[in-house]
Amino acid sequence: MYTIQPQVSLQPFNTFGIQAIAQYFVTITSIGDVQQLIKTPLFGKERHLILGGGSNLLLTQDFNGLIIKNEIKGIEILKEIDDTITLKVGAGENWHTFVLHCVNQDWGGVENLSLIPGTVGAAPMQNIGAYGVEIKDIIDSVEVVNLQDGTVSNFTNYACNFGYRESIFKQSHRDKYLISSITLTLTKKNHRFNASYGSIMDVLRDKGIAEPSVKAISDAVVQIRRSKLPDPAHIGNAGSFFKNPSINTETLEHLKLDYPNIPSFPGEKGLKKISAAWLIEQCGWKGKTFNNIGVHQHQALVLVNYGGGSGKNIWQLAMDIQASVKEKFNIILQPEVNVI
Ligand SMILES: Cc1cc2nc3c(=O)[nH]c(=O)nc-3n(C[C@H](O)[C@H](O)[C@H](O)COP(=O)(O)OP(=O)(O)OC[C@H]3O[C@@H](n4cnc5c(N)ncnc54)[C@H](O)[C@@H]3O)c2cc1C
């Protein structure tokens, strides 16, 4: 059973730490809750926003509508054979706690995605990724509740239409479904580690680990992330604010004439991805502060709220950054964060 509360502060529910008021706020803990909720006159009348951990959101104003905080929990083993295990995980589980659960059982597949904030249910929304792994690599299917009629169905991995920080849930199906659980298959042995990305290899080498375990990789990722990214518990932020833009080879070659050191790496569909952080840094934004907000001193891609900053001002800063990158490089940065 749930209670709809009026006038709730969203400050504790977003990692930017932005103050904004939700006109209505409800916490749901089961599919049944969702099916009941959508029959209420209030749901029919008000706009809604599903909230997980609030780590990929920028609130630019009060939310005049209903915030649905998803706390559907549970980890269920669907199938276990000699070398793999298939799990169904409630969308309201904390992502990193789930990763640690897998790491502690020596189940492989999610270790590179250690320490990403937020909930399990939001992970397929933007196909979370880090250190060469994306959730699309391990996900079997996504269970959803249709917010029009309450029916429950499953999207196969293919039907989710995953792309770089994209899925069908962020595009054409946005706000139409509540993701209630995900099903994923992990390895119990013969793990296929991806340690070649970032500085994972260096950390393992420093520790004298030649044959890494699931835990060793997870520990390395956690160590690297802690040294590089601001912890939202101390400085408000939502991770990378923009996506790395994809450009064609011809445009890249053209840019290289003026900027021979521009970092690039293979993207989707034969395109090249270039580092948004590098572009922002070249425009002189890294480490800049404007009263209580700014661009992080070590990570140009991370916009920060040092305390008391407004979502509107952070969004203005993002747009100023976008405009200067467009002017200098003729590239339009796209936000990764959901701007509300
Ligand atoms: C310090 C830091 C580091 C980060 N690093 C990474 C990283 O390495 N890689 C990466 O990919 N991301 C990263 N992120 C971004 C963020 O952690 C992920 O996008 C995460 O999956 C968001 O989860 P959440 O529960 O907080 O989602 P929220 O911010 O609550 O919601 C995000 C969006 O998903 C929707 N949504 C949430 N739950 C559901 C649901 N159950 N059903 C339907 N829609 C839903 C919301 O309506 C919203 O549009 C980082 C963020 C921070 C703060």
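Which strands each supply at least two residues of the shell around the ligand?

1. Strands of the shell. The strands in question are β3 (48–51), β8 (129–130), β12 (177–187) and β13 (236–240). Helices (H or I, at least four residues) and strands (E, at least two) are DSSP runs, numbered from the N terminus.

2. Basis of the model. This is a predicted model, in which local features need pLDDT of at least 70 and side-chain atom pairs count only at pLDDT 80 or more, while totals for chains, interfaces and linings use all residues. Residues are numbered from 1 along each chain as its sequence is written, and side-chain values use heavy atoms, with hydrogens and water left out.

3. Composition of the shell. The ligand has 35 residues around it, and those that come nearest are Ile50, Gly52, Gly53, Ser55 and Thr119; a residue is near a molecule if one of its heavy atoms lies within 4 Å of it. The shell comprises 17 nonpolar, 14 polar and four charged residues. In this classification Ala, Val, Leu, Ile, Met, Phe, Trp, Tyr, Cys and Pro are nonpolar, Asp, Glu, Lys and Arg are charged, and the others, Gly among them, are polar.

4. A polar backbone atom of Gly52 is 2.7 Å from a ligand oxygen atom. For Asn56, a backbone N or O atom lies 2.8 Å from an oxygen atom of the ligand, and for Pro117 the corresponding distance is 2.9 Å. The ligand taken alone exposes 980 Å², of which the protein buries 95%; accessible areas come from the Shrake-Rupley method with a 1.4 Å probe.

5. Thr187. This residue is found in strand β12 and is buried, with a relative accessible area of 9% (buried means under 20%, protein chains only). The side chains of Thr187 and His191 are joined by a polar contact of 2.7 Å, that is, a pair of N or O atoms within 3.5 Å, one able to donate a hydrogen and the other to accept it. Leaving aside residues up to four places away in sequence, Thr187 touches Asp83, Thr84, Asp106, Trp107, Gly108 and Arg192 (contact means heavy atoms within 4.5 Å).

6. Helix α3. In α3 (residues 95–104), the buried residues are Trp95, His96, Phe98, Val99, Cys102 and Val103. They lie on the same side of α3 because they cover an arc of only 155° around the axis, taken from the directions from the helix axis to the C-beta atoms. These buried residues pack against β6 (75–80), β7 (84–90), β12 and α5 (214–228).

7. Ends of α3. Asn94 caps the N-terminal end, with a side-chain oxygen 3.0 Å from the backbone nitrogen of His96. Just after α3, Asp106 takes a positive phi of about 65°.

Conventions:
Buried < 20%, exposed > 50% of the residue type's maximum accessible area, 1.4 Å probe, protein only.
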